[in-house]
Amino acid sequence: MTSKLTRLLLFLSSYFPLALIFFFLYIQKHPYWALAILGAGLVGVGGLFWYLRHVNRFASTLLIVDTIRGRDSDAMSYLVTYLVPFLSIPFSRPEQAAALAVFFVTIAVLYVNSGLIHINPMLNLAGYHLYEVTTKSNFVFFLIARIRIVSGTELEVVTVSDDIRLEKANAKQKKSFH
């Protein structure tokens, strides 16, 4: 399972596209804020790629996919629902920036505590796909994987949270789970 710090970094990475947009929009008028927001986004992306690079060190489970449903469109819904409204908020007054910060912190707490780390456009950009998988024993979970998954695929996965698994390549430790 991932720590709260890791989930926070994954949250920050999910907002990296917004951080880039804010950076370009506000670098002239508010350079310190623009750089701070870009820095937070870069810390998140760094955390995401560190986590993905080191996931093969974690204990894994072997499972066989029974049914599968693609969920890549969830990342697009995330972008539209959360990122687009931010673009209409100006930073012309301090209370507008404070309101945006309160909203952003609220979303961060919900994201981290609700296990929404699989809804991340940066995972899509990194070549990962999101699936809803059911095994023969009716265990249902979200799977983050680089490969395309079909029914009958045997996978080695790492537990990210109670209902999220990440495909693992070249694992050394296996235990069967159907």
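Here is a short chat about strands, a loop and some aromatic rings.
Reply: First, this is a predicted model, where local features need pLDDT of at least 70, side-chain atom pairs count only at pLDDT 80 or more, and totals for chains, interfaces and linings use all residues. Residues are numbered from 1 along each chain as its sequence is written, and side-chain values use heavy atoms, with hydrogens and water left out.
Me: OK, is strand β2 mostly covered or uncovered?
Reply: Mostly covered: 6 of the 7 residues in β2 (129-135) are buried. Buried means under 20% relative accessible area, exposed over 50%, partly exposed in between (1.4 Å probe, protein chains only). Strands are DSSP runs of E, at least two residues, numbered from the N terminus.
Me: Which way do β2 and β3 pair?
Reply: They're antiparallel, over 6 bridges, with β3 at residues 140-145. Strands pair if DSSP finds at least two bridges between them.
Me: What's in the loop between β2 and β3?
Reply: Asn138 sits there. Its phi is positive, about 65°, although it is not a glycine. Most residues other than glycine have a negative phi. Asn138 counts as exposed, at 60% relative accessibility.
Me: New topic: how many aromatic pairs are there?
Reply: The structure holds 5. In one, the rings of Phe11 and Tyr15 have centres 5.0 Å apart and planes at 55°, so that pair is tilted. Rings of Phe, Tyr and Trp (its six-membered ring) pair if their centres lie within 6.5 Å; planes under 30 degrees apart are stacked, over 60 edge-to-face, the rest tilted.
Me: Is Phe11 buried or exposed?
Reply: Buried, at 0% relative accessibility.

Notes. Helices (H or I, at least four residues) and strands (E, at least two) are DSSP runs, numbered from the N terminus.
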